[in-house]
Amino acid sequence: MHIVVCIKQVPDSREIRIDPVTNTLIRQGVPAIVNYYDLHGLEEALRLKDELGARVTVLTMGPPSADKALQQCVSMGADEGVLISDRAFAGADTLATSYVIALGIQKAEDEWGPVDLVFCGKQTIDGDTGQVGPGVACRLDLDQLTYVEKVESVDPETGAIVVHRHLEDGVERIKAKMPVLITAMSELNRPRRASLPGVLRGVRYKPIVWTTNDFEDLDRSKIGLRGSPTVVGKTWVPETKQAETVWLEGESTEAIAEELVKRLTETELPTKLGWELEV
Amino acid sequence: MAEEKPKKRKPMIGLQPEGDVDWSQYSGILVFVEQRDGVAKSVSWQLLGESRRMADKLGAPLMALVMGDNVGDIAKEAVAYGADKVYVCDNPELKDYRTRPYSRVCLHVIREYKPEIVLMGATYTGRDLAGAIATHLPTGLTADSTMLDVDEERLLHASRPAFSEKMMATILCKQFKPQMATVRSGTFEALPYDENRQGDIIQVENVLKPEHLTTELLEFIRATDNVNLEDAQVIVAGGRGIGGAAGFETLKELAQEMGGIVAATRAATDAGWIDHAYQIGQTGQTVRPKLYIAAGISGAVQHVVGMQNSEYIVAINKDPEAPIFKIANYGIVGDWMDVVPALVAAWKKHSQKATANPV
């Protein structure tokens, strides 16, 4: 089996602050991490490698500094890490990104054989769109199995795969035939820590770099800023709604509770909600 | 390098729009109506509500797309909730959502009826479908919008939170039609159901072929705890300050007295005190109940974005500086452990009913 895992190096959005004076994002000093849903995709690929035997190729599009993210994946057990990097790819929205990742998967097939499974995270923590996974699947005409919380079975002989998809009101068990693309939820597994030999392999590993020159059929009008149909208009820091707070105070907690019940009955809430209260 | 020439590939999908690119022919707003077992999701009606306003501003029709098995009643509901035209594709193969057959029908409807805007709920299903369709067309897609508007150039302004809700950004798609967005559930209000509204219901021809049926739904396991926060009118929510699972039992008592349900912040669900299905906020559900009682909740922005549109907010917190008080209509500085049981007692005292009777 050949499994491709798509990852993205992202700023740890939990660490991002807003400059109170300029109302812009402070990116300095924010650590770059592997988008954590992608690590769940990688872990599942490595689990299948351990159980069934597979080649695991990790693919990312990003600046040269994203090689660190690939080294981390190799230290965990990936066979190769490919960095698709070129200034011409910069500024891509999800449509342009899915094009380049799809090209990368095709090239990975040329290099290391047909791909059976593609893993993506369910979304990135910086973009939060969840659109690149479905986009890549669509471009390559693969069945997409999104929001997967469990891979129940994989049969390399027949190509049958059964997964559990997470939905708002329950879980779907779906059967499909590989090749398929899966987007990973964090419930899927617990990503492993790199072993000591793994860490050593990771730090010494030099990721493969593909630029625009490495893709023969590349349509330059479909990449980067130019290939991105969506543009960002204005941005602003949202103001949280403010309310005139009525502070309820009293001699005792009981008195405060009485006061609140009284106040609520004076509103239109009892009519709207069918409360039958007598105060 | 390679010993043998790689076999000829299928052409990549989504590089050029298929067919008509005379964008001036594209008019109106199309809303995807999501359903399960013949019941539509509330977000679909919320979207029709907000889209009605925009369609009127554009002077263009509001369309709905209903797919499923035996979904004629949903089509009628779509009219009652504001649609001028409802396209219905009734087919046993569409009973349950699957990406490929649903996107086939949806692409057919978009190419045939040419809406200038296509909207879906940002649910698991809506995001799955929208991502596939936008790539196929191809066109621009904005995820998880919380504000929508159209301008005089008929451009859709889809605004969405970014960087853990710390910023808002407006996204535009000037190059292609239709302009697409998914919309966060609970953000907009549905129009009142009006069965006297008039609209056309149009059957869509069957475009499905056996080769579109590549995946098989073996089973749907419904969550035993099917929590419907979205439609709750009264919510009693607890945060980090609740301190454990037992505390939520106390909150539940108050919720039941008032005909509502209990909910939580991410801190509380992450701590395992209550299931994630009860989570309100950025990574949980967005709600707009009539009454929201926040107990032991400090009011971090990631939580506030999910509940700030509640009609009345009551905040109970020991810390008078807690940000939750900024958006509260009624503030009580105190320990929820004292206040909530006192509220239950006061409520029981004044209630005309012998027992709780949830609405």
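Tutor: Two residues are in contact if their C-beta atoms, placed from the backbone, lie within 7 Å. This is a predicted model, in which local features need pLDDT of at least 70 and side-chain atom pairs count only at pLDDT 80 or more, while totals for chains, interfaces and linings use all residues. Residues are numbered from 1 along each chain as its sequence is written, and chains are lettered from A and ligands numbered from 1 in the order in which they are written.

Student: OK. Which domains does chain B have?
Tutor: Domain 1 covers 23-212 and domain 2 covers 234-350; such bounds come from an automatic or database domain assignment.

Student: How many residues are in contact between those two domains?
Tutor: Eight residues of domain 1 of chain B are in contact with eight of domain 2 of chain B. On the domain 1 side, one is nonpolar, four are polar and three are charged. Here Ala, Val, Leu, Ile, Met, Phe, Trp, Tyr, Cys and Pro count as nonpolar, Asp, Glu, Lys and Arg as charged, and the others, Gly among them, as polar.

Student: And what separates the domain centres?
Tutor: The centres of domain 1 and domain 2 of chain B, taken over C-alpha atoms, are 33 Å apart.

Student: What about chain B against chain A?
Tutor: There, 84 residues of chain B are in contact with 75 residues of chain A. The chain B side has 43 nonpolar, 25 polar and 16 charged residues.

Student: Switching to strands. Is β6 of chain B buried or exposed?
Tutor: Five of the five residues of β6(B), residues 117-121, are buried, so the strand is largely enclosed by the rest of the structure. Strands (E, at least two residues) are DSSP runs, numbered from the N terminus. A residue is buried if 20 or more other C-beta atoms lie within 10 Å of its own, exposed if 12 or fewer, and partly exposed in between, with C-beta atoms placed from the backbone.

Student: Which way do its residues point?
Tutor: B:Ile117, B:Leu119 and B:Gly121 point one way from β6(B), and B:Val118 and B:Met120 the other.

Student: Which strands pair with β6(B)?
Tutor: Among them is β1(B), residues 29-33, parallel over three bridges, where B:Val31 has B:Leu119 as its bridge partner. Another is β11(B), residues 179-183, parallel over five bridges, and B:Ile117 stands opposite B:Gln179 there. Two strands pair if DSSP finds at least two bridges between them.

Student: Now chain A. What about β8?
Tutor: Five of the five residues of β8(A), residues 117-121, are buried, so β8(A) is largely enclosed by the rest of the structure. Strand β1(A), residues 2-7, pairs with β8(A) in parallel over three bridges, with A:Val5 opposite A:Phe119. Five bridges join β8(A) to β12(A), residues 180-184, also in parallel, and A:Val118 faces A:Leu181 in β12(A).

Student: Where does a strand of chain A pair with one of chain B?
Tutor: β15(A), residues 246-247, pairs in parallel with β18(B), residues 330-333, over two bridges. A:Trp247 has B:Gly331 as its bridge partner.

Student: What sheet is that in?
Tutor: An open sheet of six strands with parallel pairing, in the order β15(A)-β18(B)-β17(B)-β16(B)-β14(B)-β15(B). β15(A) and β15(B), residues 261-264, stand at the edges with a single partner strand each, so one side of each is left without a neighbour in the sheet.

Definitions and conventions
Helices (H or I, at least four residues) and strands (E, at least two) are DSSP runs, numbered from the N terminus.
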